[in-house]
Amino acid sequence: MSTKYGQLDVLDDVTKRRLSGFLKQLRGNPKALIGAVMIGGLVLIALLAPLLTPEGAADATNPANRLQPPSTEHFFGTDHLGRDIFHRLLLGTRISLYVGILSVGIATVFGVSLGAIAGYVGDNIDDAIMRPMDIVMSFPPVLFALAITAILGPTLTNTIVAIGIVYIPYFARVTRSEVVSVSQEEFVSASKAVGERDRYILFAEVLPNAAAPIIVQASISMAYAILAAAALGFLGLGAQPPTPEWGLMINEAKQYITGAPWVAIFPGSAIAVTVLGFNLLGDGIRDVLDPAINTQVKSQDE
Amino acid sequence: MSSHHTRADATGTGTEPTAKAEGVDGSGDRLLTVEGLRTVFRTSEGTVTAVDGVDFHLDRGEILGLVGESGAGKSVTSRSVLRLIDSPGEIIDGAVRFDGRDVLSMSDRELREYRGKRTGMVFQDPETALNPTMTVGKQVAETLHVHGSMSKAEALSEAINVLERVGIPNPEVRADDYPHEFSGGQQQRIAVGIAIAAEPDLLIADEPTTALDVTIQAQILDLLLDLRKDLGMSVLYITHDLGVVKEVCDRMAVMYAGSIVESGPTQKVYEDPKHPYTKGLLASIPAVGEAFEDGRLDVIDGTMPNLTGSFEGCKYADRCPGAVEECLTDHPPLEAVSQDRDVACYRHTEIDEIDYEYQHESGTLSWEAGNGEDIDGNVIEVSGLKKHFSEGGILDFVFGTAEPVRAVDGIDIAIQPGETVGLVGESGCGKSTAARSIMQLLEPTDGSVRYRGEDITSISDAELRVLRRNIQIVFQNPQSSLNPRRTVRQTLLRPMEVHEMGTKAERHDRAAELVEKVGLDARYLDRLPHELSGGQQQRVAIARALAVNPEVIVLDEPVSGLDVSIQAKIINLLADLQEDLGLAYLVISHNLQIIQHVSDRVAVMYLGEIVETGTIDDVFAAPFHPYTEALLSAIPGRTAAEKSRIILEGDVPDPSNVPDGCRFHPRCPRAIGDVCETEVPVDHEADGDGHTIACHLLDQEYADQVDWDQSPVS
Amino acid sequence: MRLARYALRRVVLLFGTLIGVSIVTFSLTNIIPGDVAVLIVGTQGSQEQLEIIRQQLGLNQPLYVQYLDWASGVLVGDLGNSLRFGDPVATLIMQRLPASTVLAFSAMIVAVVISIPLGVIAAMEENTWKDFGASTAAFIGISLPGFFWGIVLILIFARYAGLFPPAGYISPAVDPLGTLRHITLPAVALGFGLMAHLTRMTRSSLIGELRSGYVTLAESKGLSERRIVYRHALRNAFLPVLTVLGFQLAFLFGGVVVIEEVFAYPGIGRLAYQALLNRDVPLIQGTVLVFAVIFTVSNLVVDLLYAVLDPRVGAGDS
């Protein structure tokens, strides 16, 4: 089985083997496993939510039925407008995951590119890129995101954009430091000595080897992003009613908390479960990718 | 440096320093006895028996060398003596008796006292062994006031004395400094100070000089011998370097795969080894072993076995050229064959008949033709090469701390086709920077590098890329020099693709050919680097360098990280390749013995400059540049016993702080005064073919101030 | 000497950053879609009224002039007047700053005082149920949003137990005991996330340090476990913890805004929030700037503290 060499074909043999080895290790790590299961469950819910929710069930206000405790008819009870909380939560899953993935996506794409170039080229370009990053990082992220949504207008889209922008510097930093460290490895010098072009070296040699901490950062950032989105929703500067966004739901539930605590508890728990899942997964991946913990059995024959 | 320093009793246990003579064999006090020691590690892959029934003893005042390659179990043995084995390791069998007491059954309190007052340990890497956030004075003083009867204040002032004793200048001031403010050699001195502060009876030194430069190593060895004399302590010295053993150890024990296979007085074991492994090890060392006429070393096949699980038969049997039926039944016990010699081998009486052989069939690689016509003159010519680094950014500019680091400050090197030129020097001398600058991996600040007459420092990027085919490089650290995400095949194919050599099918064929040429089986083509051993990885790195059919290969410390027996094999491989393919090599190393073995010509580098250059015979014989002389004498085990070694003072210098005049003058044992401090020496011609020495002593004026016959390395 | 040089470098860099921060803050408010003047006067306002407002606020001048105007005002303490409240922005901020400072500090103290010992215990009892309990609690702590905690705490302690007031603040100058009562719940809510992060970091850092070479050497010196942990390992383990603290400050400051809102706590976080809701441009500029400056300076303080504890920082400058 000969392997063809080319960019795409690299995904073929080697990466498959590495991937399966990696996944196997991941399976052995309890944190990663639980996290992955939780996230998997949530993704499933997000995908199936529209099917599980009868048409308009989440928005159907029913004032007569307001603030009902959990029952067989309404698993999680109803909120102050008589809407079924369970179904709203299900739909809210879509929103939270959507926000998380997109905002982290934005941050990754821009942050990793900027950080990689800064780290690889170094010197003045490095300064030119990282100083603005430092300046953005001088603002507390939630406040900054808040300001952006307040100014641009509080919508879900703007929430995504705001959180994405705010997290770009974190990705840039992590990528930069990892790229700097990988660039000092001798195989990078060896590639140069062979006559490879810089562009190739950065994207095909350095970045794949720098991926590990970036992946960890991405997973953990998802957790933060979802928390941030919830905070924005809670403060009314994120998604607007009647969107079943979890943070917003807690905001709406605030004043009824003494009489009907479940209206706030369930959305809060939903946030917690989601964030917990991403944190566990991120932690687990970090454990697996940490070379100190991985010992490979070496070849014995010379 | 060897001030005879006697201190008031610090520990309160009343141990008087006994100035014990050297060369003990059973006549002194027995201090430490280890019998049947067995230490295991329980891992997910099985139980690893790191120490498998080890017996040895140590008398008062004697230095015992525990020798072996990596994985032999020497470190674990030494830690077991101090019971420093934590889960998943465990000492499961045997006895350790120290001064009559049973160490293995001590209580926690007794154990701590034993470790604190009676023994001391020095580790391999001083940088990680010292607490970075505690001053060195406090670290030295700690043992004294925790275990002794001193107060903290008394202990601190005593610590200053200890620092002075181990050769730290200005100890009163420097006791308040932190470890990172000292050089590597000084850090190790501090570590030694910590170990001997309480005047222990036993010092365990685990590869204490492996990470140090050879001249610094000489200082530390000197210090240890000195301390042994003053304090009468015994030393258990662990190392893989047989030269060091010869230099400092009274007796030696050779370890293999967790067992001791031979022990006895150092001199005798050296001259008359009785175990095939010892014999093989001695033969693998360049310049110590006997090389064949064709310059190859005798090598031991195979590698040390995996210590997981159990063994059947002699552990060395599968690598031993003298293995017979009997050897496959049981691992031979360690038995006394004379009053002071022990061997674990069934055939030790026939040791003279057991020999190692190295066979090589010559052959060439395809695509060899078309390498260019033969030329007169040098294939590589480096002239006045300089590489300076400017430190810092804008702020340093403002603060005025922007001193350039003159890593390479004007060197000339010439390499003829098919020849090997060695570049030797210690850390910080700039040899690695020089290698990278020659390869244009770093942009030279000044000077020229000519390949076949063409100056490659001033050509365009595109032209350089094409020329790169002809000059390749192999790096020091094989693990770091292979992309961990690429298989061997991909690593080998890529250079050929970059240079568009041959068709796809031809490249695959060549990859298979290359792998075989460097001595690896074809099945390794689809392995990833982490699935290979260090020696195998280095072979792949060599194969990659060969892939584009170069004329010159630069090798930056090609065998430094490898075990002695593997080193020998790689050295042989390089010699084979040179012979078969007509390659020219530039070999960079800090190891003079290897340089001497492989090179035709050599250049000695110090602080960015070349101080001596010439053929091997010329440079390694008088007249010397004083630095060359010191380097040679610093090689452990090389100086004859009657002559005293040259020990250079001070540290390996820092290229950001270059002395005036001759750069070597602050450390030079032969400095003759003002001229060395003010005038930069020129390259003087000495006897021999192209032999130059940059030293004032070669000047007519000063030539009579030195008598080369008196040199310890003549 | 090393410290002085390092501090000087950082302070010089700080100025550059602060200028950048002020530019970003200013630019932020200038991308508000819609006319500021219209915002103030309302859509019914006449052209003359709009022109007057524009003149007053200098909105007709080029942007960089507006920036310089504003920036020079900042340097002398004049941040303009709040559109909503009318009072000088600086005054509004100064009124509320003490409350927020007290809150933030309290949260940090609570977090540090609980998390470090917890982390040490978890590390030393690695892989026992004590460790597992602490680690799990910490994990859940970092996963729950601060505002949720706030609400729960209000629910439990304020409403049901009636132990603490659910809102408001009293200055320590007036009634220190009252201050304590008012800040307990918000400080705990705010500090909980921080506490969880610090516990985890302390634990993992200490476990890592206990595997270091110098710990083995300390063992070989015959030192007791207690001494090794408390005199050697802990000090080194604390460094990464300090780094995490610095990193988490960002989220602490962000959390201030949220928690103050939950507890109707009259601090600058709440002020900033109201400013954003009301599109009160000068107030937004003022509060965001103050936040950013305090945050940046706090980071500097943490870095300097780190340099004090780690003698390797800033070394190597001849």
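In chain B, β4(B) and strand β5 (residues 101–102) pair in the antiparallel sense over 2 bridges, where two strands count as paired if DSSP finds at least two bridges between them. Helices (H or I, at least four residues) and strands (E, at least two) are DSSP runs, numbered from the N terminus. The model is predicted: local features need pLDDT of at least 70, side-chain atom pairs count only at pLDDT 80 or more, and totals for chains, interfaces and linings use all residues. Residues are numbered from 1 along each chain as its sequence is written, while chains are lettered from A and ligands numbered from 1 in the order in which they are written.

**The eight-stranded sheet of chain B**

- Strands of a sheet pair through backbone hydrogen bonds, either parallel or antiparallel.
- An open sheet of 8 strands in chain B runs in the order β18-β19-β20-β15-β21-β22-β24-β23, and its pairing is mixed.
- The edges are held by β18 and β23 (684–685) of chain B; each has a single partner strand, so one side of each is left without a neighbour in the sheet.
- Strand β18 (residues 471–474) of chain B pairs with β19(B) in the parallel sense over 4 bridges, and Ile473(B) stands opposite Val554(B) in β19(B).
- β19(B) also pairs with strand β20 (residues 584–589) of chain B, in the parallel sense over 5 bridges, with Tyr585(B) in β20(B) as the bridge partner of Ile553(B).
- From β19(B) the chain crosses through helix α19 (residues 564–581) of chain B to β20(B), in a β-α-β crossover that is right-handed; this term applies if, with the strands pointing away from the viewer, the path from the first strand over the helix to the second runs clockwise.
- Strand β21 (residues 601–606) of chain B and strand β22 (residues 609–615) of chain B pair in the antiparallel sense over 6 bridges, and Glu612(B) in β22(B) is the bridge partner of Val604(B).

**Burial of strand β19 of chain B**

- A residue is buried if 20 or more other C-beta atoms lie within 10 Å of its own, exposed if 12 or fewer, and partly exposed in between, with C-beta atoms placed from the backbone.
- Strand β19 (residues 552–556) of chain B is largely enclosed by the rest of the structure, because 5 of its 5 residues are buried.
- Val552(B), Val554(B) and Asp556(B) point one way from β19(B), whereas Ile553(B) and Leu555(B) point the other way, and all are buried.

- The 18 residues of α8(B) should span 26 Å at 1.5 Å a residue, and its end C-alpha atoms are 25 Å apart, which agrees; the expected span is 1.5 Å times one less than the number of residues.
- α8(B) is mostly covered, with 13 of its 18 residues buried.
- Leu223(B) lies in helix α8 (residues 214–231) of chain B and counts as buried because it has 21 C-beta neighbours inside 10 Å.
- Two residues are in contact if their C-beta atoms, placed from the backbone, lie within 7 Å.
- Leaving aside neighbours within four places in sequence, Leu223(B) is in contact with Val166(B), Gly167(B), Arg189(B) and Val192(B).
- Val166(B) is 57 residues from Leu223(B) along the chain, and their C-alpha atoms are separated by 6.9 Å.

**Confidence in chain B**

- Chain B averages a pLDDT of 85, and 92% of its residues score at least 70; pLDDT is the predictor's confidence in each residue, from 0 to 100.
- Over residues 1–27 of chain B the pLDDT is below 50, and this stretch has 45 contacts in the model beyond near neighbours in sequence.
- Where pLDDT is low, the predicted coordinates should not be read in detail.
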